[in-house]
Amino acid sequence: MASSAPLCHFSLLLLIFNLLLGLNSAHLSMNFYSKTCPHALSIIKTTVYNAVKLQPRMGASLLRFHFHDCFVNGCDASILLEDTATFIGEQTAAPNNNTLRGLNVVDDIKTQLEESCAGVVSCADILTVAARDSVVVLGGPTWNVLLGRRDSTTASKDDANTNLPAPDSSLDKLISSFAIKGFTARQMVALSGGHTIGKAGCATFRNRLYNDSIIDPSYAKWLQSICPQSGDDRSLAPLDITSPTSFDNSYFKNLQCKKGLLYSDQQLFSGGLTDSIVEKYVSHPAKFAKDFAKAMVKMSKLSPLTRTNGEIRKDCKKINYY
Ligand code: HEM
Ligand SMILES: *[C@@H]1O[C@H](CO)[C@@H](O)[C@H](O)[C@H]1NC(C)=O
């Protein structure tokens, strides 16, 4: 009894915590804008489609935006708020600093939405829909998006620094940072499959090239040429070396060949308890697609502002003035 009691309390606390995280998501719905802004979804889709066709990496950047929004006090578009003389936002937090891309696409969408239905569609919902549409354009699974989020009037640089996992995270650390948000290890692995598209800067994987044993030697050599021990932190390498612009399961195949780009990527297949999940996603791509879609919907429900909470920003980059 004595030894199992703390675990029971922990599970109960986690349950209550998860209920709180998802409570307001009950007010989200698929048809939220069907009367108030019937073309909202098609405007977002067309704009994302054009941007990604022009530059496939934009799809990756838009997917990452949604993740970095939702993991920091919920999907409330806090990540879009820019620093001003009197306001500190999240864009200069370590995981975001100099690596956010796609603000111009979000602005473009917002401008069109304000023209067709002013003050109706939130920036948080734009990020949610744009993430889904990006994955679809690049060949990944689709899912139904729930809508009705509102935008925050605050942001937290500190929370961005603590809640977003760093690329030097161990497997335990990755599991726990997703568990805090209510995700299982399997859902964490599925979501990490988002790294089947996009690029990372040298600063985020340099240590792995010179200090890590779980890396394919010729892959390491190639990466060292892109990312010397001292050099430009911003030289880029693809997160999925096999097919960087298609949303498939090759990210997991790479891990089996010790060709994960980030230390955190390779941790998912390094002799630990997530190896079997990676194996499953390699042999059953449809399972990955399904799990990813489900986990994205779950992520999109993280503590949204709904009903009278928050506001609908006119400009996604700043809070409204009254
Ligand atoms: C599991 C923990 C995760 C860690 C440690 C992590 C870390 C990183 C890092 C360091 C980069 C490169 C940033 C840069 O140098 O520009 C990156 C890029 C990216 N991440 Fe993650 N990430 C994680 C999970 C996720 C999840 C859950 C998603 C989405 C479902 C995601 C989507 C992306 C995408 C698409 C890119 C490429 C962005 C671009 O090309 O602009 N990541 N991530
Ligand atoms: C963010 O990047 C700028 C360079 O553009 C740098 O001066 C600043 O120290 C960085 N901040 C953090 C928190 O890394």
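Biologist: Is S243 buried or exposed?

Modeller: Please keep in mind throughout that this is a predicted model. A residue counts as buried when its relative accessible area is under 20%, and S243 has a value of 15%, so S243 is buried.

Biologist: Which residues is S243 in contact with, leaving aside its neighbours within four places in sequence?

Modeller: With those neighbours left out, S243 is in contact with T196, D248 and S250.

Biologist: What polar contacts does the side chain of S243 make with the side chains of D240 and D248?

Modeller: The side chain of S243 is joined to the side chain of D240 by a polar contact of 3.1 Å, and it makes a polar contact of 2.6 Å with the side chain of D248.

Biologist: How many residues surround ligand 1, and which are the closest?

Modeller: Ligand 1 is surrounded by 27 residues, of which the closest are R57, S61, H195, K199 and G201. To read such a shell, one can look at individual atoms: an oxygen atom of ligand 1 is 2.7 Å from an N or O atom in the side chain of R57, a nitrogen atom of ligand 1 is 2.8 Å from an N or O atom in the side chain of H195, and an oxygen atom of ligand 1 is 2.9 Å from a polar backbone atom of K199. The elements that give two or more residues to this shell are helix 3 (57-70), helix 7 (171-179), helix 8 (185-192) and strand 1 (199-201), and helix 3 gives the most, with six residues.

Biologist: Which residues surround ligand 2?

Modeller: Ligand 2 is surrounded by T92, N97 and N98. An oxygen atom of ligand 2 is 2.5 Å from an N or O atom in the side chain of N97, while for the side chain of N98 the corresponding distance from an oxygen atom of ligand 2 is 2.9 Å. On its own, ligand 2 has 360 Å² of accessible area, and the protein covers 35% of this.

How values were computed: Residues numbered from 1 in each chain as written. Chains lettered and ligands numbered in written order. Predicted model: local features only at pLDDT ≥ 70, side-chain atom pairs only at ≥ 80, totals over all residues. Heavy atoms only, no water. Buried < 20%, exposed > 50% of the residue type's maximum accessible area, 1.4 Å probe, protein only. Contact = heavy atoms within 4.5 Å. Polar contact = N/O pair within 3.5 Å; in protein donor to acceptor, adjacent residues only side chain to side chain. Near = heavy atom within 4 Å. Areas by Shrake-Rupley, 256 points an atom, 1.4 Å probe, with all protein chains shown as cover. Helix = DSSP H or I, 4+ residues; strand = E, 2+ residues; numbered from the N terminus.
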